[in-house]
Amino acid sequence: MLNPQLNKNGELQHLLSIEGLPKAIVNHILDTASSFVGVSDREVKKVPLMRGKSVFNLFFENSTRTRTTFEIASKRLSADVINLNMQASSTSKGESLLDTIDNLSAMHADMFVVRHAQSGAPYMIAKHLIDTRQNHVHVVNAGDGRHAHPTQGLLDMYTIRHYKKDFTNLTVAIVGDILHSRVARSDIHALTTLGVPEVRAIGPHTLLPGGLDQMGVRTFTNMNEGLKGVDVIIMLRLQNERMNGALLPSVQEYFKSYGLTPERLALAKPDAIVMHPGPMNRGVEIDSAVADGPQAVILPQVTFGIAVRMAVMSILAGNQG
Amino acid sequence: MSNPMKPSGLDAEALYANLLQQVRTGLTGAHDACIVGIHSGGAWLAERLAQDLGMTDRCGVLDVSFYRDDYAKKGLPAEVKPTHITFDVAGATVLLVDDVLYTGRTTRAAINELFDYGRPARIMLAALVDRGGRQLPVAADFVAATVQVDQCEALRLQRSDAGQFTLTIEENHA
Amino acid sequence: MSLHIKNGRVIDPANGIDAVQDLFIVDGKVAALGAAPAGFAAARTIDATGLVVAPGLVDLSARLREPGYEYKATLDSEMQAAMQGGVTSLVCPPDTDPVLDEPGLVEMLKHRARRLNQANVHPLGALTMGLKGKALTEMAELTESGCVGFSQAEEPIQDTNVLLRALQYANTFGYTVWLRPQDAHIGRGGVAHSGPLASRLGLSGVPVMAETIALHTIFELIRSTGARVHLCRISSAAALDLIRAAKAEGLPVTCDVGVHHVHMTDADIGFFDPNARVTPPFRSQRDRDAIRAAVLDGTVDAVCSDHTPVDDDEKLLPFAEASPGATGLELLLSLTLKWAEDYAATQPGKGDALALALSRISHDAARVAGLDAGRLTIGSPADICIFDPNARWTVEGAALASQGKHTPFLGYELAGQVQATIVAGHVAYQRSAGNVSNVS
């Protein structure tokens, strides 16, 4: 199957993963996003680009935060938004995923924003739309299993570009549970695509997947070493389930070796920025002093996230297959 | 620029001087006046006008990409420039500035966008050149020249590094 | 009934035969090669000019889905698939529903299969009751009902002591235990080969270690018990190295690989194609290359189809949710020929590797399972596969008799097509005339 994200004109038809996206398209999304940032400051916080279009939020995995930001982004584009909690719906009654998609397409959906617990689920949907020639319907991956969270990757890049301007002389460290993180994978692909010369992954062996060097990443199990001279620190959330899977002994021990404290932050460059996809576990992966400190840009990430999602959706909606 | 350009035979600087004169008169006594230029040519003109009229704190720029009526056919343009309007539009007299007035669709989009910022008391339109060919009922309040341009050609304002204006004609391959 | 197969290229690896000659069948047995036996009068003649006349294929693993999984496939459709694939003897694993752990179930299956008058079905009995890995099955009774060995299918025994006892008990009677080496815990829940590709795609991995750790355990138990073990569906280079060493050491082990694994790697998952979701997973290029070489040098004794029909509802799902398995009965011949042409023939000194390739899916396989099959020795049952090595066909749902329509080879064009399949001397399938079962 050819790269299902691009239509035959090389334009973005679906956003499924940052892997496989030409650098020009990534930059176009970031450039477009900067135009949308100002929309939130106006009296009428809307532009009419997607007026009359229907965006269906298909969340097979719960997430109020991400769903809310997509809903805000859609409404700022003047689209109609329908939220579907898929766990309580027909699929749990046995209707197949593809039948669900067909039913929703029959209700004239223009865009599906999909979050699913399984890696690859949005590809199935995109392939089905391509096979059934529904070229006017677009899929945005809002997170699939451990595989990708492309809009988060893009908003992280937007944030870095806002504060650091030039990607080509940065050292970026991603810290935490990279093994289970779709955010980490998307960030890694985005950073390497945009030419960041050094991408580091920091964590215990149990949380570092194999094959990271093939993705262009330097691994560190010693956080103090890994943070030396770093320009950007991306902290990942540690989930409780990791203690159950014999991957980590306790939260306390994790914080001791991998928590971002002010002392550790001081090892990075003095103007280093601290990012986090949210929600934060204070005292687990990040100290409150750092989270609330001057180097943290976590709240701006949220604002940028809406603009980036508006950019993605309006670019997609303007491309026919 | 990929399309071949040739000089239009119009003296853009002279036209600007004419437009400035008209606008100066037209804005006299206007309540809460402000100038908003439409990217890119209109923005350059607006900047110069604001400087010459001493209104640089009441000058903004507008990109109409999100309000165009051809989005469904053409999608988002490759380059979207930022819109900056730092003052309150509500109750103001807004002078919209564009370089070339043609079909009127850009003006319609700009007006729609302005209204999403607030409700102006009045909007006036200044254009350096009116080339006719209106497709919507739009008219300029201040125009420096009315010209005929071939349908397959585009009239464009250029600004040199030193800030000099020129008008060029381009073959339209679109 | 006497049958005369004329002018075909007879290849019988067991007896070192590869020549264009006639073959004569009398009373369901191979009567003569070359010249007709005295007093021979053909009731029927098949013209095999330009075709290969080979022993009927012996498939060491084909799931027929009965009893219990009739919604995925039925005995009728899968036995028909075997005929169209040239398979005249097949071994089926015990993971039916209910599990084949009672003699009555085995007898019923054999009875049903016999009535179809198509391939010979040789079930494997469950090694433990319900495949639960706790209580031993009545292996002697099951053997009497027709089981040719004992297996845990896809359920590795967690308690090593139970595995030890099971091997000791089986060895009492000289039974062969068929085991897929898979650690019960490492790689549990994994759906793809543990490596850079699975990491990038965010898929849970099954490390090679899951296979090699299990092999070490099995070899130790064999050294202690002397039990004969057939290792099923080997997937990695490291495992093959261990098996090669074990054979050199003299341990009574044999092994097989699934024919898809001879060709595919983890890269064939592409954009999460569920057709590439199989167990064990397709591994790296290095592993695939080691499998190809091992089939040639004999470390791998036999190649099987690992035929596993899965229906659309269970396959067209996000990758990790899709049921593992690919259809194989009708691809076994073509994919084995493909191995011969793409790989074996290119190796120094191999030249025409056709006879060797056929051996891995006939004579060698029969030897592993202890079956009187897979050869054209005079007096043997006349189970024969006549095929056109040059005919090309496209792998698509409509071309398959099996209800399993999923394989990563969908859409591929392959060479090698069965023209006729003969079981015990009667023509059970002939391509030009369609299904000719039960007509003599």
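Where is C:Asp266 found? C:Asp266 sits in the loop between strand S15 (253–258) and helix H8 (285–297) of chain C; helices (H or I, at least four residues) and strands (E, at least two) are DSSP runs, numbered from the N terminus.

Before going on, the ground rules. This is a predicted model, in which local features need pLDDT of at least 70 and side-chain atom pairs count only at pLDDT 80 or more, while totals for chains, interfaces and linings use all residues. Residues are numbered from 1 along each chain as its sequence is written, and chains are lettered from A and ligands numbered from 1 in the order in which they are written.

C:Asp266 is buried, having 23 other C-beta atoms within 10 Å. Here buried means 20 or more other C-beta atoms within 10 Å of the residue's own, exposed means 12 or fewer, and partly exposed is in between, with C-beta atoms placed from the backbone. Its C-alpha atom is 4.9 Å from that of C:Phe282, 16 residues apart along the chain. Setting aside neighbours within four places in sequence, the contacts of C:Asp266 include C:Ala192, C:His193, C:Phe282 and C:Arg283; two residues are in contact if their C-beta atoms, placed from the backbone, lie within 7 Å.

Next, helix H4 (residues 160–173) of chain C. This helix has 14 residues and reaches 21 Å from its first C-alpha to its last, close to the expected 20 Å, where the expected span is 1.5 Å times one less than the number of residues. Its buried residues are C:Leu163, C:Ala166, C:Leu167 and C:Ala170. Seen down the axis of H4(C), they fall within an arc of 95°, so they line one face of the helix; the arc is that of the directions from the helix axis to the C-beta atoms. C:Asn161 and C:Thr172, on the other side of H4(C), are exposed. The buried residues pack against helix H3 (139–145), strand S10 (150–151), strand S11 (176–179) and helix H6 (209–225) of chain C. Just after H4(C), C:Gly174 takes a positive phi of about 75°.

Last, the interface with chain A. Contacts link 22 residues of chain A with 18 residues of chain C. On the chain A side, helix H3 (97–106), helix H4 (121–131) and helix H6 (182–193) each supply at least two residues. H4(A) gives the most, with three residues.

As for chain A itself, there are twelve helices and nine strands. The C-alpha trace spans about 55 × 45 × 35 Å along its principal axes, and 50% of the 321 residues of chain A count as buried.
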